[in-house]
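Trainee: Please take a close look at one part of this chain for me. I would like to know what surrounds it, and then how the neighbouring elements are arranged.

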Amino acid sequence: MSVSVDRDQAFLLAIRHIADEVAAPNADSVDREARFPSETVEALRGEQALSAFVPTELGGGGVSFETIAAACFELGRRCGASAMVFAMHQIKVVSVVRHLAEAPWFEDYLRDLAAEQRLIASVTSEIGTGGDMGRSVAAVTPAAEGMCTFEKQAPTVSYGEHADDLLVTLRRAPDAEPSDQVMVVVRGEQTSLEQTSSWDPLGMRGTCSPGFVVRAEFSPEQVLSTPFSRVMSESMVPVTHILWSHLWLGIATDAFDRARAFVRAAARQKPGETPPVALRLSHLMSDLSLLRAEVGSGLAEFVEIADEPGRERLSTMAMALRFNNLKIAASEQAPRVCQGALGVCGIMGFKNDTPYSVGRHLRDTMSACLMIANERIHQTNASLLLIAKEV
């Protein structure tokens, strides 16, 4: 067995332990109080999980992307908010690691991230762009003494107050086009956050994602040289959809497991008889299998082409459609599975204080269609389908 396989297995074993022993016991209070899952994040720090994808030569864990995705699934089975925080952090890490371009500042930053287990939040959404991550209003603006500044109005910044650092998308310069974007990493001590909205949502309550006006002063070397359009197509978009779909699959899987436990409990009350709701459980298993297959195939396809020379296939319209459709399918199927589990468990699933409760699962997965809104993705797909030669 190779060292990398041993490393991946050990990491995933540690994540499962955190999911079962830390995330699960705190999931209900995180949801009820809309509080940050601090216990889980501290446990992840203790296992050096925040730097898991960072290469070993930069002090990280060097685990595979497949293992990062599996970790999102395991955390999702126990606490959707914890899984989302972990996934969103890893999306930023993967985006930096895959587009370093031998930049000394970013290499040093990754070493610090690994040593200090720094948590990264993202500021990619912006008021005035209509939800289009590929456009920015705020720009990298020259300031005194060779420094740069920006001011960005973000409608949401997930766990922004709890993050150590921020990854921000901006126009390259004040006179640049909205689509001429760069990616900037700023440390917490370089930024100020002015909260502009509250956070009392239906689901994913522990992600703590109110709006902020974000301001920062930073060095020009903190601007990644790789254009954000390339980072977005080759890494950020596919990685986002893959990791999100894995955590949604985790939530849906736990909802199914609770429905199955409910049916088994009903069967024990009348030995030798198959409970009527067992038929519903069988239908639900088919729905979950479809979701699992779609998520698994999306991951496999990305891994197959992720590091091809030039990563050219990741920038094709066919791949944009592929990963857009993964997001749409997973975000629609996951709440369908949770709703099906509610149908199996009935009132015992509807109540919040039973072992078969799936209310949190349903509410958390209902956020999926809003995170990069499905209607916006459909609009993008519609335009691509008109011109794409292959789909």
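Mentor: The side chain of Arg205 comes to 2.7 Å from the backbone oxygen of Pro201. This is a predicted model, and the distance is computed from it. Arg205 sits in the loop that links strand 6 (191-195) with strand 7 (212-218). Its relative accessibility is 13%, and the cut-off for buried is under 20%, so Arg205 counts as buried although it is in a loop.

One of the bridges sets Ser192 against Arg215 in strand 7. Both strands belong to an open sheet of four strands, in the order 2-3-7-6 and with antiparallel pairing. Strand 2 (141-142) and strand 6 are the edges of this sheet, each of them pairing on one side only.

Apart from residues up to four places away in sequence, His361 touches Ile251, Asp254, Ala255, Arg258 and Cys338.

Strand 4 (residues 165-171) gives another view of buried residues. Seven of its seven residues are buried, so strand 4 is largely enclosed by the rest of the structure. Asp165, Leu167, Thr169 and Arg171 point one way, while Leu166, Val168 and Leu170 point the other way. Strand 1 (residues 120-123) runs parallel to strand 4 and is joined to it by four bridges; in this pairing Ile120 stands opposite Asp165. Strand 5 (residues 181-187) pairs with strand 4 in the antiparallel sense, over seven bridges, and here Arg171 faces Gln181.

Among the helices, helix 2 (38-46) has several buried residues: Thr40, Val41, Ala43, Leu44 and Arg45. Their cover includes helix 1 (3-33), helix 3 and helix 4 (80-97). Just after helix 2, Gln48 has a positive phi of about 60°. Phe53 lies in the loop between helix 2 and helix 3 (65-76). With 15% relative accessibility, Phe53 counts as buried. Beyond four places in sequence, Phe53 touches Val63, Ser64, Phe65 and Ile68, together with Gln90, Val93, Val94 and Val97. The C-alpha atoms of Phe53 and Ala341 are 34 Å apart, and 288 residues separate the two along the chain.

Met317, Leu386 and Ile387 make a nonpolar surface patch of about 330 Å². Met317 is in helix 8 (residues 317-345), and a relative accessible area of 34% makes Met317 partly exposed.

Conventions. Residues numbered from 1 in each chain as written. Predicted model: local features only at pLDDT ≥ 70, side-chain atom pairs only at ≥ 80, totals over all residues. Heavy atoms only, no water. Contact = heavy atoms within 4.5 Å. Helix = DSSP H or I, 4+ residues; strand = E, 2+ residues; numbered from the N terminus. Buried < 20%, exposed > 50% of the residue type's maximum accessible area, 1.4 Å probe, protein only. Polar contact = N/O pair within 3.5 Å; in protein donor to acceptor, adjacent residues only side chain to side chain. Patch = residues over 30% accessible without salt bridge, like charges linked within 9 Å, V, L, I, M, F, W, Y side chains within 5 Å. Areas by Shrake-Rupley, 256 points an atom, 1.4 Å probe, with all protein chains shown as cover. Salt bridge = Lys/Arg side-chain N within 4 Å of Asp/Glu carboxyl O. Pairing = 2+ DSSP bridges.
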